[in-house]
Amino acid sequence: MLSDLRLSIVAEMIRDHVSLDGIGRYCQETGVQSSDFVPIEPADFAGRILAVDGSNVSVCGWSVASINLIRSGYVVYLGRKWRRTVITFNDIFFADPAISADQFAPHLGRLGQKDISLSEEDLERLSTYFRELQEYVSLDEAIREASPGDIILYDGSFDVFEPLRAALSNVFARAEEKGVALLAVAKSSSLSWGESISLPFMHHTNQAGSIILPNSPWYLNLKDKKVNRGPAKWGGESYIVRFIGRSDYAFRVDVPSYLAGQIEPVLAGISSCSTSAECPGYPHALFRAHRDIKITENERVSLRMKLKDMLYREGLSPSQISMLMQDYHDILEMRQGI
């Protein structure tokens, strides 16, 4: 039986990680000063905000390959009003290392990247990489549709692994040429600080901001701060941003280098469009993109049932179909008590 003493120790460790008892140590070890928290003055934004998101679910899989449904697209807002949702990709991806290059090639070529180099450990991430690639294609489509001065938001971070950096860099170049502001907004972050233990930087920065600028939106530039930020090889700057004062949440925001010195009016416009009661403090365009593009559990189940029926008609036995469609852990649970 699990020891309450061990659970109590874990609870204490979580408390020590999450609670911020004053900001003295935080400021000393990270280099963050009170003056680094810059207030945001929300300003009505009359242009369009386009928000990109993607979704990826497993349909079935076996030891060397898997079938995933991948969807990507973007929503278009005029100020605070939704105009339309565009799905740019909605199809099956056959995640097999032996044929992955052929599936990636046409989409990489569209974004100006010749090929993709994958290490052995990357092969487990094939579906994730392909979904990210489709999101970059959606970004490219949104850039094509946007007008100079518009804002394009991406759900996630631009600090990506090596295989797709060239494609993303080309997306940045196209956004700069078009004259649109391109930002990535991440709901979670592995940014950490601390010399003896890894502490959650975004969470603690949010708490510090509540002390320094209570009930106010603000942003903090991570440049020259003592933060463990992972690869950090994408060539832009990262911020922690609270979009509205009454929100309990702050987000990591990645900004390409071409927007250096232009971030304040962009954040002011996003702040004014982050006041919806559905998701206070989060850009509503990203909220709508997530809701409209997400693959639901009902869709996944329906697709699995259709595939089962097709496999049966193709001559596969029920046991072969179960091997593809059912996790053996589920079988063990079904047999419990026999």
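Q134 is buried, with a relative accessible area of 1%; buried means under 20% relative accessible area, exposed over 50% and partly exposed in between, using a 1.4 Å probe and protein chains only. This is a predicted model, in which local features need pLDDT of at least 70 and side-chain atom pairs count only at pLDDT 80 or more, while totals for chains, interfaces and linings use all residues. Residues are numbered from 1 along each chain as its sequence is written, and side-chain values use heavy atoms, with hydrogens and water left out.

So where does Q134 sit? Its place is in helix α4, residues 126–145. Helices here are DSSP runs of H or I with at least four residues, strands are runs of E with at least two, and both are numbered from the N terminus. Leaving aside residues up to four places away in sequence, Q134 touches I70, S72, T88, F89 and H107, where contact means heavy atoms within 4.5 Å.

Two packed helices are described by the angle between their axes and the distance between the axes. Axes are lines fitted to C-alpha atoms, for helices over the stretch in contact, and angles run from 0 to 180 degrees between N-to-C directions.

| Helix pair | Axis angle | Axis distance |
|---|---|---|
| α3 (residues 100–110) and α4 | roughly 20 degrees | within 10 Å |
| α4 and α5 (residues 165–178) | about 10 degrees | 10 Å |

The α3 angle of roughly 20 degrees makes α3 roughly parallel to α4, and α4 and α5 are roughly parallel to each other too. The cut-offs are under 35 degrees for roughly parallel, over 145 for roughly antiparallel and 65 to 115 for roughly perpendicular, with the rest oblique.

On the α3 side, S100, Q103, F104, H107, L108 and R110 meet a set of α4 residues that includes Y129, F130, L133, Q134 and V137. The residues of this contact divide into seven nonpolar, four polar and four charged. For those classes, Ala, Val, Leu, Ile, Met, Phe, Trp, Tyr, Cys and Pro count as nonpolar, Asp, Glu, Lys and Arg as charged, and the others, Gly among them, as polar.

With α5, the α4 contact is made by Y136, L139, D140, I143, R144 and E145, facing L168, V171, R174, A175 and K178. That contact has six nonpolar, no polar and five charged residues.

Is E124 buried or exposed? E124 is exposed, with a relative accessible area of 77%, and its place is in the loop between α3 and α4. E124 and D96 are 28 residues apart in sequence, yet 9.6 Å apart in space, C-alpha to C-alpha.

Next, the sheet. Nine strands form an open sheet with mixed pairing, in the order β1-β9-β10-β11-β6-β5-β2-β3-β4. Its edge strands are β1 and β4, each pairing on one side only; two strands pair if DSSP finds at least two bridges between them. Strand β1 (residues 38–39) joins β9 (residues 218–221) in the antiparallel sense over two bridges, and the bridge partner of P39 is W218. β9 also pairs with β10 (residues 237–242), antiparallel over four bridges, where Y219 stands opposite V241.

Helix α7 (residues 263–272) lies across β1, β5, β6, β9, β10 and β11, running at about 60 degrees to β6. In helix α8 (residues 284–293), H284, A285, L286, R288, A289 and I293 are buried, and the buried residues of α8 pack against β2, β3, β4, β5 and β6.
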